[in-house]
Amino acid sequence: QIEHLMQACKRKLVQAFEDWYDQKYGQVAREKAEAEANAAAGERYDPQEMFDMLEADRLETHHPDALAFHKALEKATRESRQKKATVRAR
């Protein structure tokens, strides 16, 4: 009998705490979850990024030693294009 009453009191206490917590912090938690869901849904790749990922995957499986070279080449090419665009804009 006493054990049953103790368990009921524990359940009431936990439920009261969860209700209080939800009232105090529930909106913040819902907003955070919504923001995370929107961020995950908004993460899309443009066609060039998709091509780069597919190319890197292909190189990694067929020519693993060439992957670092191709990534460095892509980075150097990208930086070169950006410098040219900056010079033209001036």
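The structure is a predicted model in which local features require pLDDT of at least 70 and side-chain atom pairs count only at pLDDT 80 or more, whereas totals for chains, interfaces and linings use all residues. Residues are numbered from 1 along each chain as its sequence is written, and side-chain values use heavy atoms, with hydrogens and water left out.

The protein chain contains 3 helices and 0 strands, where helices (H or I, at least four residues) and strands (E, at least two) are DSSP runs numbered from the N terminus. The order of the elements from the N terminus on is α-α-α. Helix 1 spans residues 2-42, helix 2 spans residues 47-62 and helix 3 spans residues 67-89. Of the 90 residues of the chain, 4% are classed as buried; buried denotes under 20% relative accessible area, exposed over 50%, and partly exposed the range in between, with a 1.4 Å probe and protein chains only. Accessible areas were computed by the Shrake-Rupley method with a 1.4 Å probe, and for residues only the protein chains shown count as cover.

A search of the whole structure identified 2 aromatic pairs. Rings of Phe, Tyr and Trp (its six-membered ring) are paired if their centres lie within 6.5 Å; planes under 30 degrees apart count as stacked, over 60 as edge-to-face and the rest as tilted. Phe17 and Trp20 form a tilted pair, with 5.7 Å from centre to centre and 40° between the planes. These two residues are separated by about one helical turn because they stand 3 residues apart in helix 1. Phe17 also forms a tilted pair with Tyr21, at 6.0 Å centre to centre and with 35° between the planes. Phe17 and Tyr21 are 4 residues apart in helix 1, again about one turn of the helix. Through these ring pairs, Phe17, Trp20 and Tyr21 are linked into a cluster.

Phe17 is partly exposed, at 48% relative accessibility. Trp20 is partly exposed at 43%, and Tyr21 is likewise partly exposed, with a relative accessible area of 43%. Together with Tyr25, the residues Phe17, Trp20 and Tyr21 make up a nonpolar surface patch with about 450 Å² of accessible area. Patches consist of residues with over 30% relative accessible area and no salt bridge; like charges are joined within 9 Å, and nonpolar side chains (Val, Leu, Ile, Met, Phe, Trp, Tyr) within 5 Å.

The charged residues provide 1 salt bridge, defined as a side-chain nitrogen of Lys or Arg within 4 Å of a carboxyl oxygen of Asp or Glu. The partners are Glu55 and Arg58, whose closest N and O atoms are 2.7 Å apart. Both residues belong to helix 2, and their separation is about one helical turn because they are 3 residues apart. Arg58 is partly exposed, at 36% relative accessibility.

A surface patch of positive charge is formed by Lys75, Arg78, Arg81 and Lys84. Lys and Arg count as positive and Asp and Glu as negative, while His and the chain ends are not counted; the place of a charge is taken as NZ of Lys, CZ of Arg, CG of Asp or CD of Glu. Lys75 lies in helix 3 and is partly exposed, with a relative accessible area of 48%.
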